[in-house]
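Student: I am new to this structure. Please pick one spot, look at it closely, and lead me on from there.

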Amino acid sequence: MTGDGTNTYILGHKDLCVIDPGPDDDSHLSCLLDHVQSHGSLRMILVTHSHLDHSPLARKLAEQTGAAILAFGDSLAGRSRQMEVLARSGLAGGGEGVDATFRPDRTLGDGSSIPLAQEQIRAIWTPGHFGNHLCFAWRGAIFSGDHVMGWSSTFVSPPDGDLGAYMRSLDKLAAQTPRRLYPGHGAPVDDPDARIAELRSHRLMREHAILSELTQGAHTIPQLVAKIYTEIPDTLHHAAGRNVYAHLLDLHQRGLVKSHPTPCPDAVFMLAENGC
């Protein structure tokens, strides 16, 4: 799920900022502390979102350095009402796993400005992969967390993931016209406009494929996965099913599909009367 691992970024000179300390790994903590101690003082720790591969090391790093942890909120922050209802019904997300104990020292709103020496880092709320997901803009570039990566599409798994929010956040990020993206996993993205457009197109293609199958009649999620994801092994069908479910929830919210019973993972889905 994380490719070569999680990218931790260190910004600044003397006054330093860390973005996404990463998982609870003592060897990684030691490397971070060595760099900070030899280059300056750590002023703040920014967390894009609280999945287990991004946030758990933040507290240990804060305790060692005295730096404050800044993020949008805890692991329940930023959920839509639809996703809150699903979570209360017992649905849990998948993927990298949730850091349920994560608590920032200071919360950041959309557009919050964070001073670093004589410069400013700007927080951009980009829910979709996770409700509390933030991107951080600095010097014309954006640290995009798991919202946009060059090597892979983003995993969207309800109730932590919300496809409608993800698509809106793609548009929001594109409107920033960044010169480069630094993702949470993988290499920098040197053509952000093209990559964001590619990810949007990919999601619209999946949506079209789901609607096309539903024109043939009602389907369960496993049936849709078997017909749409013909190029992947069976071992990946569960993850694919989470993505299909995210699409179906978005289509249901938009009035394009209906389900029996309510749109739960075990429901049967069909086109609504105004579907296509």
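Tutor: Start at G90. G90 is exposed because its relative accessible area is 59%, and exposed means over 50%; under 20% is buried, and anything in between is partly exposed (1.4 Å probe, protein chains only). Before going on, note that this is a predicted model: local features need pLDDT of at least 70, side-chain atom pairs count only at pLDDT 80 or more, and totals for chains, interfaces and linings use all residues. Residues are numbered from 1 along each chain as its sequence is written, and side-chain values use heavy atoms, with hydrogens and water left out.

Where does G90 lie? G90 is in the loop between α3 (81–88) and β4 (106–107). Helices here are DSSP runs of H or I with at least four residues, strands are runs of E with at least two, and both are numbered from the N terminus. Just after α3, G90 takes a positive phi of about 110°.

Now step back into α3. Its buried residues are Q82, M83 and L86. Seen down the axis of α3, they fall within an arc of 95°, so they line one face of the helix. That arc is taken from the directions that run from the helix axis to the C-beta atoms. The face turned away from the buried side carries R81 and R88, which are exposed.

What covers the buried side of α3? The cover includes α7. The test is contact, meaning heavy atoms within 4.5 Å.

Follow α7 (237–253) to its partner α6. Helix α6 spans residues 221–228, and its buried residues are I221, L224, V225 and I228. Seen down the axis of α6, these fall within an arc of 100°, so they line one face of the helix. They pack against α5 (192–214), α7 and β11 (268–271).

How do two helices get described when they pack? For α6 and α7, the angle is about 110° and the axes are 9 Å apart. That makes α6 roughly perpendicular to α7. The axes are lines fitted to C-alpha atoms, for helices over the stretch in contact, and angles run from 0 to 180 degrees between N-to-C directions. Under 35 degrees counts as roughly parallel, over 145 as roughly antiparallel, 65 to 115 as roughly perpendicular, and the rest as oblique.

Which residues meet there? On the α6 side they are I221, L224, V225 and A226. On the α7 side they are H237, A240, G241, V244, Y245 and L248. By class, the contact has 8 nonpolar, 2 polar and no charged residues. Nonpolar covers Ala, Val, Leu, Ile, Met, Phe, Trp, Tyr, Cys and Pro; charged covers Asp, Glu, Lys and Arg; the others, Gly among them, are polar.

The C-alpha atoms of G90 and P159 are separated by 9.7 Å, although the two are 69 residues apart along the chain. P159 lies in the loop between β8 and α4 (163–174). The peptide bond from P158 to P159 is cis, with omega near 5°. The bond from H260 to P261 is also cis, with omega near -5°. P261 sits in the loop between β10 (257–260) and β11.

Rings of Phe, Tyr and Trp (its six-membered ring) pair if their centres lie within 6.5 Å; planes under 30 degrees apart are stacked, over 60 edge-to-face, and the rest tilted. By this rule the count comes to 4 aromatic pairs. One of them joins Y9 and F143, edge-to-face, with 5.0 Å centre to centre and 65° between the planes. This pair links distant parts of the chain: Y9 is in strand β1 (residues 9–19), F143 in strand β8 (residues 141–145), 134 residues apart. Both Y9 and F143 are buried.

Y9 has another partner, Y182: the ring centres are 5.8 Å apart and the planes at 70°, so this pair is edge-to-face. Y182 is in strand β9 (residues 180–183), 173 residues from Y9 in strand β1. Y182 is buried too, with a relative accessible area of 19%.
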